[in-house]
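Q: Got a model open here and want to go through it. Can you start with the charges?

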Amino acid sequence: SASGLTRVGASHVTLNPGAFSAQRPWRRLADVLVVVLAGEAVPTEDEGERIVRPGDVLAWPAGVENGHRLHTRSTSDCVFVTVSAGDKARDSGAYPDIDMVFGPDGYTRKDGTPYPTKRLP
């Protein structure tokens, strides 16, 4: 990256009303941290749901099989920063709600049948 960091990535995200951040992944080798800046969202995790608002910080440690995502259920955008850290080139994980896992070689069904796409680091 331009910053010289090789194990940390960050994104500034705006979720429009009704949008989901992703399916519910968990990661073996990457920690994930989210800081809510504006609006509100509902994180969905194995333990259930709750509302998060500006100033709230969410963290999902590497290796914990707890799929997670954010969903904007209000009429306003939710703005947050997400930071991940770990060995992205070797990372793997799963999406517990759908028939998909991922690893360094891409995305497959849980039985190992590959999806016709490549994983971006």
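Q: How many positive and negative side chains does the protein have?
A: The protein has 14 positive and 15 negative side chains, and the centres of the two sets lie 4 Å apart. Lys and Arg count as positive and Asp and Glu as negative, with His and the chain ends not counted. Each charge is placed at NZ of Lys, CZ of Arg, CG of Asp or CD of Glu.

Q: What kind of model is this, and how are residues numbered?
A: This is a predicted model, where local features need pLDDT of at least 70 and side-chain atom pairs count only at pLDDT 80 or more, while totals for chains, interfaces and linings use all residues. Residues are numbered from 1 along each chain as its sequence is written, and side-chain values use heavy atoms, with hydrogens and water left out.

Q: OK, secondary structure. How many helices and strands?
A: Zero helices and 11 strands. Both are DSSP runs numbered from the N terminus: helices are H or I with at least four residues, strands are E with at least two.

Q: What is the radius of gyration?
A: The radius of gyration is 15 Å, close to the 14 Å from the globule rule for 121 residues, so the protein is as compact as a globular protein of that length. The radius is taken over C-alpha atoms, and the rule is 2.2 Å times the number of residues to the power 0.38.

Q: And what box do the C-alpha atoms fill?
A: Roughly 40 × 35 × 25 Å, taken along the principal axes.

Q: Switching to sheets. What is the strand order in the open sheet of three strands?
A: The order is β5-β4-β7, with antiparallel pairing. β5 and β7 stand at the edges with a single partner strand each, so one side of each is left without a neighbour in the sheet. Two strands pair if DSSP finds at least two bridges between them.

Q: How many bridges for β4 with β7, and with β5?
A: β4 pairs with β7 (residues 69-71) over three bridges, and with β5 (residues 48-49) over two bridges. A hairpin through two residues joins β4 to β5.

Q: Which residues stand opposite Val42, Thr44 and Glu45?
A: Val42 stands opposite His71 in β7, Thr44 opposite Arg69 in β7, and Glu45 opposite Gly48 in β5.

Q: Are the β4 residues buried or exposed, and which way do they point?
A: In β4 (residues 42-45), Val42 and Thr44 point one way and Pro43 and Glu45 the other way, and all are buried. Buried means under 20% relative accessible area, exposed over 50%, partly exposed in between, with a 1.4 Å probe and protein chains only.
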